[in-house]
Each structure stands twice: as structure tokens, then as C-alpha cells.
Amino acid sequence: MTLQDYQLKSKRTMASLGSLELDLCHCVMGIHSEFSEICEGIGKQDNVNIGEELSDVLFYLANYCTFRELNLEDYYHEVDYKDITTNTILLSIAQSTSNLQDLVKKFVAYKKPINKSQELICIEDILYDLNLLINKFDLNLGNILQNNVNKLLVRFPLTFSEELA
């Protein structure tokens, strides 16, 4: 599965909260909370859980891009590098997600336009670092994405519903 296919399929189960501001807040909070679950999976050395949580971060990142009318796949780069430490990757993801959250905070709280170049750097950096983790733990991006779509099809057969969430 490609990131473009995943982005299209993931929006089927993304709750729309009624405004761009709320939708973007939901996405950046989701990225952050799922990132913390990646850290837990790494601490437990549970590759299955790491893959599931990576896909959950990708779900929120893909939907963030959908709300911003961006193609997530445009910011994807292959990596073939395993020598970087896991902690370095996690710190980089934490920094990039914090930067994205700050852009959204300024948009929502202070009515400032989102700085598009900074936003794209954040998205590209988060995606790059997630791909580093996928590579480091010998996971497969296509499989991770497909497994997430399959999970969401079971949980939400038609579309998102609060009752099934």
C-alpha cells in the first residue's frame, strides 16, 4: 500500500469536529499521544506494538495532511540507515511534533496563519523519522499501512462513529 492510498483510505474513519481548527488540534494531539505509545512499545521491545503505533501516528499525520490539502506522499523519502540511535530518532520526532503543535496552537489561539514552509518541514521530518524507526526495527511500511486499514475496516465497517470509537 502506498502512502497516497493510505491517506485516501484513512480519511474514511477520521472524525470531523466541525472546524479546521478543531480538526488540526485533534490530529496534532493524536500524533503526540500515539508517539508516546511508540515509546512504550520500544521500551517493551514489542515490534508488533511498535508497528501498530507507527501506523496510528501515520493515521493522524495523513489526516492532518488531508485537512491541509497536502499529499503526504510528497514528503516521503526512502531511508536505508540503521546506525542512528533509537533515542536520537525519538528526540527528533518529539521536536518535530512539538514544532507542528506550536504552529497549530498559534493558528487556533492567536489566529495566525500557519507558516507553510515550517509546516512542511515538520511533516517531512516526522515522516522521515518514522521511516527511520520502521527501518531500524525491520518493519515494512506497506504492511504497517495495510494492517492499519484492515484494523479500521473491522472497527468502523462503514465510517467513523463515536459509539465504536
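C65 is buried, with a relative accessible area of 0%. This is a predicted model, and it holds zero disulfides. C65 takes part in none: the nearest cysteine sulfur belongs to C27 and is 9.0 Å away.

## The buried side of α1

Let's turn to helix α1, which spans residues 3-10 and has L3, Y6, Q7 and S10 buried. These residues lie on the same side of α1, because they cover an arc of only 100 degrees around the axis.

What do the buried residues of α1 pack against? Their partners are α3, α5 (residues 116-136) and α6. The next residues show some of the individual contacts.

S55 belongs to helix α3 and is buried, at a relative accessible area of 3%. Beyond its neighbours within four places in sequence, S55 is in contact with Y6, I144 and N148. Y6 is one of the buried residues of α1.

N63 is also found in helix α3, and with 1% relative accessibility it counts as buried. Setting aside neighbours within four places in sequence, N63 touches S10, K11, M14 and C27.

Helix α6 contributes V149, which is buried with a relative accessible area of 9%. Which residues does V149 contact, leaving aside its neighbours within four places in sequence? They are M1, Y6 and K9. V149 and S10 are 139 residues apart along the chain, yet their C-alpha atoms are separated by 6.9 Å.

## The second largest pocket

The second largest pocket has a volume of about 160 Å³. Two elements give two or more residues each to its lining: α3 (residues 47-67) and α6 (residues 141-155). Among the lining residues are N47, V48, G51, E52 and S55, together with L139, N143, I144, N147, N148 and K151.

How many of the lining residues are nonpolar, polar and charged? The lining divides into three nonpolar, six polar and two charged residues.

## Two loop residues with positive phi

Finally, a look at the backbone. Most residues other than glycine have a negative phi, and most peptide bonds are trans. E69 has a positive phi, near 60 degrees, and is not a glycine. E69 sits in the loop between α3 and α4, the latter running over residues 86-109, and it counts as exposed at 74% relative accessibility.

K111 is not a glycine either, and has a positive phi of about 60 degrees. Its place is in the loop between α4 and α5. Is K111 buried or exposed? K111 is exposed, with a relative accessible area of 62%.

Key: Residues numbered from 1 in each chain as written. Predicted model: local features only at pLDDT ≥ 70, side-chain atom pairs only at ≥ 80, totals over all residues. Heavy atoms only, no water. 1 Å grid on protein atoms, 1.4 Å probe; cavity = no way out; pocket = protein on both sides within 12 Å on 5 of 7 lines; lining within 4 Å. Points joined across faces, edges and corners; volume = space filled by probe spheres on them. Helix = DSSP H or I, 4+ residues; strand = E, 2+ residues; numbered from the N terminus. Nonpolar A, V, L, I, M, F, W, Y, C, P; charged D, E, K, R; others polar. Disulfide = S-S within 2.5 Å. Buried < 20%, exposed > 50% of the residue type's maximum accessible area, 1.4 Å probe, protein only. Arc of directions from axis to C-beta. Contact = heavy atoms within 4.5 Å.
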